[in-house]
Amino acid sequence: MAILDTRTAPTDAPDPRWDRLPGIQVHGNHLSIDPTEYFFRFESNSWLVADWESVGSGLLDVDETTESSVEQLTLDFIKSHCESTSDAARVLTTAHQVYAYLFREEHLSGLGLPRVTADHLGMLREAATLMALNKVELDGHISNVGPCWFFPAATSVVFDLDDETGAMLDEVYHGGWFNEHRRIESIKAHAALGGRLVHGCQSVPDQSGGVVAPYGASMATFRRDLGAFKAQWIEQVLAHHVTTPA
C-alpha cells in the first residue's frame, strides 16, 4: 500500500522495530504497510495533501493580521492548494516532511524539558508520520484508525519505552512542545496534510492520540466515536509488547 523512502527525506531510516506492529515491514530505508493487517478500521483510501514546498513558500512565512487569523490563512491555503490522493506513500512522505519541520532539534534548548532528547524527537517524528494515515470525515466519523492513533501505546511497543517515558513523550506530543510560536507553526505546517491537528485527549494525555482533521469536522461526533473504540484497540496494540527487547 505505502512505501516511505527516507533516502530523500531529512531524517534517518525508520526504526526496524516498527515491524512489531501488524502490517508493517521495514527494509532499510523503506517502510511498507499492508492495510488489511495494519488498520483497525479502514474505510477511506483517499487523503488531502499539498506539496510541502508550496507550504514552505506560500504559508510558513505569512503573518496573520487583525483581519485574517492564522487559521483563516491556513484554511484559504488548503482550499487553493490541497488535492485528494489515494497514494498513501505520498501522504507518508508529506507527513515525514511536516514532522521533520515541527519536531526539529533546534527547539530543544528552549523547551524547559531537559529529559527530552534528540532521540525522543526522532520517535515523535516517526510515530506522527504514520498517524497521518488516520482520517476523520467532515461529519466527525473516524474512518481510518491504525495503531499509531494511540501514540504512547504504539511507541512503547516499538521503542521499548517504560510507562514513565511513554507518558512523557505523550505529554510532549499532546502540548508540551507547542508554545504559541510553535502552535502557529503547527497550524501552518499541517496545511500540507489538509487540516489541523486535533487531540483526542483533554486536559492531560490519556492515550487518546490525535489526528489531522479537516476544518469544520464535527468534534462532538469525533469524541463519541473515539470513546467507543479506544479501550479495546489500545489493548490490542499493547498485546504486541516484546517482553525481552532485542
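Colleague: Let's jump right in: is the crossing of α3 and α8 right-handed or left-handed?

Modeller: The crossing of those two, α3 and α8, is right-handed. Keep in mind as we go that this is a predicted model.

Colleague: Okay, and at what angle do α3 and α8 pack?

Modeller: About 15°, with the axes of helix α3 (residues 70-81) and helix α8 (residues 180-189) 9 Å apart. Angles under 35 degrees count as roughly parallel, so α3 is roughly parallel to α8.

Colleague: Which residues of α3 and α8 meet there?

Modeller: On the α3 side you have V70, E71 and T74, and they meet R183, I184, I187 and K188 of α8. Three residues of that contact are nonpolar, one is polar and three are charged.

Colleague: Let me zoom out for a second. How many helices and strands does the protein have?

Modeller: There are nine helices and 10 strands. The protein has 246 residues, and 53% of them count as buried.

Colleague: And what share of the contacts with a separation of 6 or more comes from residues 24 or more positions apart?

Modeller: That share is 71%.

Colleague: What about the largest nonpolar core, how many residues has it got?

Modeller: It has 73 residues. The ones with the most contacts inside it are W18, I24, Y99, L130, W149 and F150.

Colleague: Pick Y99 from those. What does Y99 touch, not counting residues up to four places away in sequence?

Modeller: Y99 touches R125, A128, T129, H190, L193 and V212.

Colleague: Now T94. Which helix is T94 in?

Modeller: T94 sits in helix α4, which covers residues 88-102.

Colleague: Is T94 buried or exposed?

Modeller: Buried, because its relative accessibility is 5% and the cut-off for buried is under 20%. Setting aside neighbours within four places in sequence, T94 is in contact with A50, A192 and L193.

Colleague: How far apart are the C-alpha atoms of T94 and A50?

Modeller: They're separated by 7.9 Å, while along the chain T94 and A50 are 44 residues apart.

Colleague: I also clicked on S54. Where is S54 found?

Modeller: S54 is in helix α2, residues 52-58. At 18% relative accessibility, S54 counts as buried, because the cut-off is under 20%. Leaving out neighbours within four places in sequence, its contacts are L59, F77 and H81.

Colleague: How many residues of α6 are buried?

Modeller: Nine of its nine residues are buried, so α6 is mostly covered. Among the buried ones are P152, S156 and V158.

Methods:
Residues numbered from 1 in each chain as written. Predicted model: local features only at pLDDT ≥ 70, side-chain atom pairs only at ≥ 80, totals over all residues. Heavy atoms only, no water. Helix = DSSP H or I, 4+ residues; strand = E, 2+ residues; numbered from the N terminus. Buried < 20%, exposed > 50% of the residue type's maximum accessible area, 1.4 Å probe, protein only. Contact = heavy atoms within 4.5 Å. Axes fitted to C-alpha atoms, helices over the stretch in contact; angles between N-to-C directions. Parallel < 35°, antiparallel > 145°, perpendicular 65-115°, else oblique. Left-handed = near helix turned anticlockwise from the far one by under 90°. Nonpolar A, V, L, I, M, F, W, Y, C, P; charged D, E, K, R; others polar. Core = buried A, V, L, I, M, F, W, Y, C linked by side-chain atoms within 4.5 Å.
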